[in-house]
Amino acid sequence: MRSATWLLALMCMLACGAAAAEGPVPLAQGSVIPRDVYVSDPQGGSVSLRSLFESQPGGINVVFIFGGGDMGANMPGRLWCQDSFEDTHILRTLVGKYQGKPVGFVAIASAPVYHSAALGAKNRVFLDAAEDSGDFREARAAFIASTQASKDAGILPIQPYFDLRLRLMLNTGGKVQPGPGYGAKQPWFGAFRAADETQFYGVPSFWLVADDGTVLAAPFRGNVYHPHGAELHINYTFADVDAQLAKLLADAPAK
């Protein structure tokens, strides 16, 4: 039986491997997230990302894009990406500090599309299988349930949404590309991926976004706490995200 340590090493090597940087124009400060960008709810239905912003209590939203459920592999925090697990403390602290203030929070769990077999699912199931196939439905259920288990355990402080095909962070110019069951690609696929990203997944990251989809600051990204196949990088901390968020709130016009 494969140990959790072995799985951790394998998954981090996959996540940190070199990848081509070709693809759509990455979103950056001042960019506007297109209206047609969508994620999935816990039932697998499509939800407009912009609609999630508009339903929040304030005009500024914190978006946490992370590696989601471990599909039953018993990883720490029930998340396949241990760098994302480490960053959940930032999310929890932000949610606690800004509770009752005009700040919304959206957490989006990225599926393990490039290494699903290491987690006990069919290889490339999220890249190749059609959504009405038994293989995809089974993998989707396991991914959502394990992500939900992380939320139920208090690791994730808010109800997550899901990027089941890694559409937000898709490496459209890399060697590993989706198969026929993936469906037609849209121009925004991969737009949340930085042009200089060298990891397969590129998670975790924090984004500060207005209700109308405008990216209000450069995204916080690139934290690597478990350098299997890569170097240790701590590019931001809670204090960095908090300071930028506080500045945006202070500069926001009074309503």
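## A buried glutamate and its partner

Glutamate 197 has a relative accessible area of 7% and is therefore buried (buried means under 20% relative accessible area, exposed over 50%, partly exposed in between, with a 1.4 Å probe and protein chains only). The model is predicted: local features need pLDDT of at least 70, side-chain atom pairs count only at pLDDT 80 or more, and totals for chains, interfaces and linings use all residues. Residues are numbered from 1 along each chain as its sequence is written, and side-chain values use heavy atoms, with hydrogens and water left out.

Glutamate 197 pairs with arginine 221 in a salt bridge, with 3.5 Å between the closest N and O atoms (a salt bridge is a side-chain nitrogen of Lys or Arg within 4 Å of a carboxyl oxygen of Asp or Glu). This pair links distant parts of the chain, since glutamate 197 is in the loop between strand 5 and strand 6 and arginine 221 is in strand 7, 24 residues apart. Arginine 221 is partly exposed, at a relative accessible area of 28%.

## Overall architecture

The chain contains six helices and seven strands (DSSP runs numbered from the N terminus, with helices being H or I of at least four residues and strands E of at least two). Along the sequence, their order is α-β-β-α-β-α-β-α-α-β-β-β-α.

Of the 255 residues, 51% count as buried. The chain exposes about 10700 Å², of which carbon and sulfur atoms supply 55% (accessible areas come from the Shrake-Rupley method with a 1.4 Å probe, and for residues only the protein chains shown count as cover). Among contacts between residues at least 6 apart in sequence, 70% join residues at least 24 apart (contact means heavy atoms within 4.5 Å).

## Other salt bridges

The whole structure holds 10 salt bridges. In general, side chains of opposite charge can pair when their charged atoms come close. One of the bridges joins glutamate 131 to arginine 167, with the closest N and O atoms 3.4 Å apart. Glutamate 131 lies in the loop between helix 4 (125-128) and helix 5 (134-152), and arginine 167 in the loop between strand 5 (161-163) and strand 6, so the pair ties together parts that are 36 residues apart in sequence. Glutamate 131 is partly exposed at 37% relative accessibility, whereas arginine 167 is buried at 7%. A network of salt bridges links Glu131, Arg165 and Arg167.

Arginine 124 and aspartate 128 also form a salt bridge through their side chains (2.7 Å, N to O). Arginine 124 is partly exposed, with a relative accessible area of 23%, and aspartate 128 is likewise partly exposed, with 29%.

## Helix 6

Helix 6 (residues 238-251) has 14 residues and spans 20 Å from its first C-alpha to its last, close to the 20 Å expected at 1.5 Å a residue (the expected span is 1.5 Å times one less than the number of residues). Its buried residues include Val241, Asp242, Leu245 and Leu248. These cover an arc of only 130 degrees around the axis and therefore lie on the same side of helix 6 (the arc is that of the directions from the helix axis to the C-beta atoms). Ala250 and Asp251, on the other side of helix 6, are exposed.

The cover over the buried residues of helix 6 includes strand 3 (60-67), helix 3, strand 4 (103-110), strand 6 (205-210) and strand 7 (220-221).

## Serine 84 in helix 3

Serine 84 belongs to helix 3 (residues 82-97). Serine 84 counts as buried because its relative accessibility is 0%. Apart from neighbours within four places in sequence, serine 84 is in contact with Phe64, Phe66, Gly67, Val203 and Pro204.
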